[in-house]
Amino acid sequence: MVTVNRNYLKLPGSYLFSTIAKKVSAYQAANPDVEIVRLGIGDVTQPLAPAIIEALHKSVDEMANAETFHGYAPDLGYEFLRSAIAKNDYEARGCQISADEIFVSDGAKSDSGNIQEIFGIDNKVAVCDPVYPVYVDTNVMAGRTGDYNKKNENFDGVIYMPCLEDNGFLPELPVKTPDIIYLCFPNNPSGAAITKDKLQEWVDYANKNGAVIIYDAAYEAYITEENVPHSIYECEGARTCAIELRSFSKNAGFTGVRLGFTVVPKDLVREDVAIHDLWARRHGTKFNGAPYIVQRAGEAVYSPEGKAQLKEQVAYYMRNAHTIYHGLKEAGYSVSGGVNAPYIWLKTPNNMSSWDFFDYLLETAHVVGTPGSGFGAHGEGFFRLTAFGTYENTLEAIRRIKAL
Ligand SMILES: Cc1ncc(COP(=O)(O)O)c(C=O)c1O
């Protein structure tokens, strides 16, 4: 008889956002007249920019003619997109990344979940706590962790790096040396950003210890401060220790369109094996490319019109971030994030648990946020609000919270 992958059984409950969705639907069903404002899940609300829509229309038309039709895309992605990425995201920032080190994908969720596959099962994994849940759950599924530890509310065998108020929500170099280190800056969920000097310490640490950093830069477009790096390759030596994940979801509103990429420098070698070759092999075997029309839409992100329109879109969300941040401060909350990131991280009042505060906010202000404890044990006592709502809804949510 068939056996199942029992590692999946180690995962407690359902995915965080499914739990939230169920709670919100139950509340809405019981209170059909209530208008709920959703600032929970990090999904965008603004339509695709005109330059992107134009590129989509044009490429859809190309698919209607035999001469311009496109079938399977090249394994790594189309050259036109990889070159645009290399030029705009890397060369322009002084990073030495070539087009053939870029692997186009359908988004950073899949890449951040799949990347662990090319590393040995015996590697020790370190994550920030709180953390984007995908990094941990996919390592659990792969069998790279122990069981769920109910007392600690985390998994045995994983190195958790607490990101707390007193360390500015930044991880400290762990006592036990990890092999794979997941870092995400600007951070989801805390909205914290790391300076170039601080990130350089991580790069030096990884190079010294032979570790690999998986750097998730999905929110780099939201950086407003000068000393915050957009890419880990702005740090010296990152080519020999870091993989970078990027997404078009948050900088260009592609959450429903699906596009992302992973950078694996050719200088990243472990056990005499080029990690680039392993990822190329995996990509070629298990992925058949992002759609041509979507890659053309991605190319438009880098056109002069696209850049100008997306700058405005990011500014729209950052106005929300500013509104939430200052509104909550005025209401007496302790808040962080929201300056280089579209997330605001607040301390729950009166030591309420994150889920109690979730219920309280839903029932009294009819506002949905995300309980910090859903991102890890050290998220307990915190709560995340996103800046991805509409401006009107954001204003309304803050008005209601202030009125509590
Ligand atoms: C840190 C982080 N990485 C990756 C993703 C997923 O991005 P994508 O939409 O490209 O799959 C998210 C989405 O919320 C995220 O917060």
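The radius of gyration is taken over C-alpha atoms, and the globule rule puts it at 2.2 Å times the number of residues to the power 0.38.

**Figure 1. The whole chain of this predicted model****.** For 404 residues, a compact globule would have a radius of gyration near 22 Å, and the 21 Å of the protein chain agrees with that. Along the principal axes, its C-alpha atoms fill a box of roughly 60 × 55 × 50 Å. The protein chain has twelve helices and 17 strands, which are DSSP runs numbered from the N terminus (helices: H or I, at least four residues; strands: E, at least two). Local features need pLDDT of at least 70 and side-chain atom pairs count only at pLDDT 80 or more, while totals for chains, interfaces and linings use all residues. Residues are numbered from 1 along each chain as its sequence is written.

**Figure 2. Helix 3 beside helix 9****.** Here residues 79-90 (helix 3) pack against residues 292-300 (helix 9) at about 25°, with axes 9 Å apart. That makes the two helices roughly parallel, a label for angles under 35 degrees. Axes are lines fitted to C-alpha atoms over the stretch in contact, and angles run from 0 to 180 degrees between N-to-C directions.

**Figure 3. Where helix 3 meets helix 9****.** Phe 80, Leu 81 and Ala 84 of helix 3 meet Gln 295, Gly 298 and Glu 299 of helix 9; contact asks for C-beta atoms, placed from the backbone, within 7 Å. By class, this contact has three nonpolar, two polar and one charged residues (Ala, Val, Leu, Ile, Met, Phe, Trp, Tyr, Cys and Pro count as nonpolar, Asp, Glu, Lys and Arg as charged, and the others, Gly among them, as polar).

Terms used. Angles under 35 degrees count as roughly parallel, over 145 as roughly antiparallel, 65 to 115 as roughly perpendicular and the rest as oblique. Two residues are in contact if their C-beta atoms, placed from the backbone, lie within 7 Å.
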